[in-house]
Amino acid sequence: MTIFVFWVAAPLTIAMAVGTIVARKVVHSAICLCGAMVTLGLLYTTLEAPFLFVAQILVYTGSIMMLFLFTMMLIGIDRRESLTEIIRGQRVVSGIAIGALLALLVFTVAGAVSGGFGNLDEVNERHGGNAQGLAVLLFTKYAFIFEALAALVFTAALAAMVLAHSDQVRAQRSQRGLAAEKLQQYAATGANPAAAPGSGVYARTNSIAHPALLPDGSVADNSVSAVLSERGVVPSDVELLPILVAETAAEINGTLPIAGGA
Amino acid sequence: MSLSAYLIVSAVLFCIGLAGVLLRRNALVMFMGIELMLNAANLALVTFSEAHAELDGQVAAVFTMVVAATEVVVGLAIIITIFRSKASLNVDDARRLRH
């Protein structure tokens, strides 16, 4: 059974780990890492570490990966990664170094164990179970390290709060600043500092697709949305002017009630 | 099958994590590589615990988990801070301290 679980979980773990590294999108990396954590937990069960199996899933897939996902939500996930090398030859040298390290680890450390399976059974039973045995060690032999870790966790929580609560990077824009900015742009490029004209000021309807007409009868292009102009639903001044002239004449002759008067 | 198979898996996982840190430029993926390396170390610790029939290795793995959790909390806060000022996840963009 142990061997079966190992040969299922170990290749899965390595495949998921490779997926984490090669995935183009960060979300896919995160999902792969989640899978690697769970299958690694399965490996822990075969090594008679049931407490670590539970802790692995709770801590890694439960909290650490959630933190990763929250960060992704905060900063957006659709960012392209630039693949240009900043340091020349870094990829090649890294690849060689990784291969060398792998060979070193496999050929030296992997042969260092001689014991077989099943040695932990009686140790686990000594205090009534794996979790109890770990607790005894944690609160007697390693009590000081445990306290030091508590201090570390406190410091980390404090550090995260200080880092995440940052001061404003840019000054907040005030109304006065905005006005000054607009006038500066007017002086530099001649951009209109006033508000854009509203649609339909001289038009016959209050539709947003109806452009405002300037005093000379031409269409004020910036009074309607660029999207609507692009779609071709905005009437041009050639279409509008005859209607307007006729209506104005009718108004003067008293045959048409003045708009808004009725 | 002996316990050395677990150590080989651990070594492979460690090297994959290392490759992630060295070859990728996305800060989040680099962080996941670090997580992989920590997990590989954990697997080795638990394997040695089994081989020596002592629980000390598993206690060390628990400690590693706590350290990994704190590391992620601080690291992600740093990533968010950098992102706020640089609007980028690329580690090469954070070079303000470069002379």
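This is a predicted model: local features need pLDDT of at least 70, side-chain atom pairs count only at pLDDT 80 or more; totals for chains, interfaces and linings use all residues.
**Entry 1, salt bridges.** I began with the charged side chains and found two salt bridges over all chains. One of them joins Asp56(B) to Lys141(A), with N and O 2.5 Å apart. This pair crosses between chains. On the chain B side, Asp56(B) sits in helix 3 (residues 56-86). On the chain A side, Lys141(A) lies in the loop between helix 6 (130-139) and helix 7 (143-164). I also looked up how accessible the two partners are: Asp56(B) is buried at 18% relative accessibility, whereas Lys141(A) is exposed at 55%.

Next I turned to Glu181(A), which forms a salt bridge with Arg173(A). Their closest N and O atoms are 2.9 Å apart. Here Glu181(A) is partly exposed, at 37% relative accessibility, and Arg173(A) is exposed, with a relative accessible area of 59%.

How many disulfides does the structure hold over all chains? I found zero. I wanted to see why, so I checked sulfur distances against the 2.5 Å cut-off. For Cys34(A), the closest cysteine sulfur is in Cys32(A), 9.5 Å away, so that pair is too far apart for a bond. For Cys15(B), the closest cysteine sulfur is again in Cys32(A), but at 19 Å, also too far for a bond. I noted as well that Cys15(B) is buried, with 4% relative accessibility.

Methods: Residues are numbered from 1 along each chain as its sequence is written. Chains are lettered from A and ligands numbered from 1 in the order in which they are written. Side-chain values use heavy atoms; hydrogens and water are left out. Buried means under 20% relative accessible area, exposed over 50%, partly exposed in between (1.4 Å probe, protein chains only). A salt bridge is a side-chain nitrogen of Lys or Arg within 4 Å of a carboxyl oxygen of Asp or Glu. Helices (H or I, at least four residues) and strands (E, at least two) are DSSP runs, numbered from the N terminus.
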